[in-house]
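Subject: Structure for your files

Dear colleague,

Here is the structure I said I would pass on. My notes on it follow below.

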Amino acid sequence: MMDRSDDKFVKEAKALFDDSVDGLDAATLSTLNRSRHRALEAAGNRHPALLRWVPVTGVAVAALVAVMVIEPGPNGVDALPAGVDDMEILLGEDSIEMLEDLEFYAWMELQDGDVG
Amino acid sequence: MSAGAPEFAVSWSGEASTGARALGNEEQLNRFLADVERRALRIAEIAVRDRDEALDLVQNAMIKLVRKYADRSSDEWPPLFYRILQNGIRDWHRRQAVRKRVMVWFGRSGGDDDDYDIVAAAPDPAGRAPEQELENEQAMDSLEQAVHALPARQREAFMLRTFEGLDVADTAAAMGCSEGSVKTHYSRAIHSLREKLEEHGPAGPGN
């Protein structure tokens with residue numbers, strides 16, 4: 001049960017939150033505005049170009065995950081205990097960014113090896 | 001041909017009315033999203049502690065709402081939008097956990113939280129007296145950190161009820177749980193926040 005002091009707390013928290021919303025900077029508001037228009041424009045595009053790459057990326061990430069589950073890591077780390085959740089995430093649409101990160105770190109490892 | 005003309009007229013009139021309805025719907029959606037986007041951004045930002053990530057989450061929620069639920073009644077949009085956003089936030093946390101494990105496998109630290117710049121993420125001044133503004137920012141920072149530290153379901157219930165102002169039924173729809181669970185999570189969140197903020201002195205609300 002909420003008492004009067006809880007109500008007061010909630011009102012003050014809401015006022016602080018509203019204040020922080022009102023104080024959002026112009027650049028952020030502009031980004032939000034663009035996002036909204038992009039969303040409304042996207043209503044008609046059911047198959048964005050990005051999705052064409054998902055099968056290719058999915059196979060690449062699946063191969064990577066398979067290696068990581070079987071082999072110990074390059075730095076002596078144990079093999080990755082990839083559960084069902086991990087696979088679902090790694091093979092999902094959003095894994096493209098993660099794959100780019102991994103490619104970057106793999107490249108970094110090569111550079112480190114070359115320099116050393 | 002004379003028999004075809006009325007048929008064409010009826011068909012054209014039908015398309016025009018569908019087009020007008022679609023335009024009207026798009027305008028309504030635009031108004032709804034414009035009304036909700038800033039609060040949604042701050043809610044997402046408190047949950048993930050990163051403004052750029054929060055902007056992405058809000059944009060994805062907007063796109064999914066428009067694609068999947070544009071034809072629903074506008075009364076249904078708030079709980080649907082926040083359900084999509086909360087699912088996005090939960091997935092984001094799961095992805096971060098996996099990403100950290102993958103980075104550890106590669107021998108890299110995945111401590112993204114350490115990079116969070118609370119000053120850069122703070123809102124710009126909005127014409128208030130500097131002391132008042134500073135006081136409010138400090139109080140909001142304390143509140144934000146305390147809300148972020150809550151268990152996920154309590155955080156969702158608190159932000160949807162307090163910050164977005166959804167009623168219990170809409171919050172339950174947005175969270176995908178019963179109204180009783182919403183009440184429990186919300187009540188626990190308030191008590192936990194009050195305890196934490198009152199413990200840490202005068203910076204938080206209610207002090």
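Helices here are DSSP runs of H or I of at least four residues, and strands are runs of E of at least two. The model is a predicted one.

On that basis, chain A has five helices and zero strands. From the N terminus on, its elements run α-α-α-α-α. Of the 116 residues in chain A, 18% are buried.

Chain B is likewise without strands, and its helix count is eight. Its order from the N terminus on is α-α-α-α-α-α-α-α. Buried residues make up 37% of the 207 residues of chain B. Among contacts in chain B with a separation of 6 or more, 59% are between residues 24 or more positions apart.

H2(B) covers residues 51–69, and its 19 residues should span 27 Å at 1.5 Å a residue; the end C-alpha atoms are 26 Å apart, which agrees. The buried residues of H2(B) include B:Arg51 and B:Gln59, along with B:Ala54, B:Leu57, B:Val58, B:Ala61, B:Met62, B:Ile63, B:Leu65 and B:Val66.

The buried set runs through B:Gln154, B:Arg155, B:Glu156, B:Ala157, B:Phe158, B:Met159, B:Leu160, B:Arg161, B:Thr162 and B:Phe163. After H6(B) comes B:Gly165, which has a positive phi near 75 degrees.

How does H6(B) pack with H7(B), and at what angle? H6(B) (residues 152–163) and H7(B) (residues 168–175) have their axes 10 Å apart, at an angle of about 135 degrees. An angle over 145 degrees would count as roughly antiparallel, and 65 to 115 as roughly perpendicular; the two helices are therefore oblique to each other. The crossing of H6(B) past H7(B) is right-handed.

On the H6(B) side, the contact is made by B:Glu156, B:Ala157, B:Leu160 and B:Arg161, and on the H7(B) side by B:Thr171, B:Ala174 and B:Met175. By residue class, this contact of H6(B) with H7(B) has four nonpolar residues, one polar and two charged. B:Glu156, B:Ala157, B:Leu160 and B:Arg161 are also among the buried residues of H6(B).

Regards

Notes: Residues numbered from 1 in each chain as written. Chains lettered and ligands numbered in written order. Predicted model: local features only at pLDDT ≥ 70, side-chain atom pairs only at ≥ 80, totals over all residues. Axes fitted to C-alpha atoms, helices over the stretch in contact; angles between N-to-C directions. Parallel < 35°, antiparallel > 145°, perpendicular 65-115°, else oblique. Left-handed = near helix turned anticlockwise from the far one by under 90°. Contact = placed C-beta atoms within 7 Å. Nonpolar A, V, L, I, M, F, W, Y, C, P; charged D, E, K, R; others polar. Buried ≥ 20, exposed ≤ 12 C-beta atoms within 10 Å, placed from the backbone. Expected span 1.5 Å × (residues − 1).
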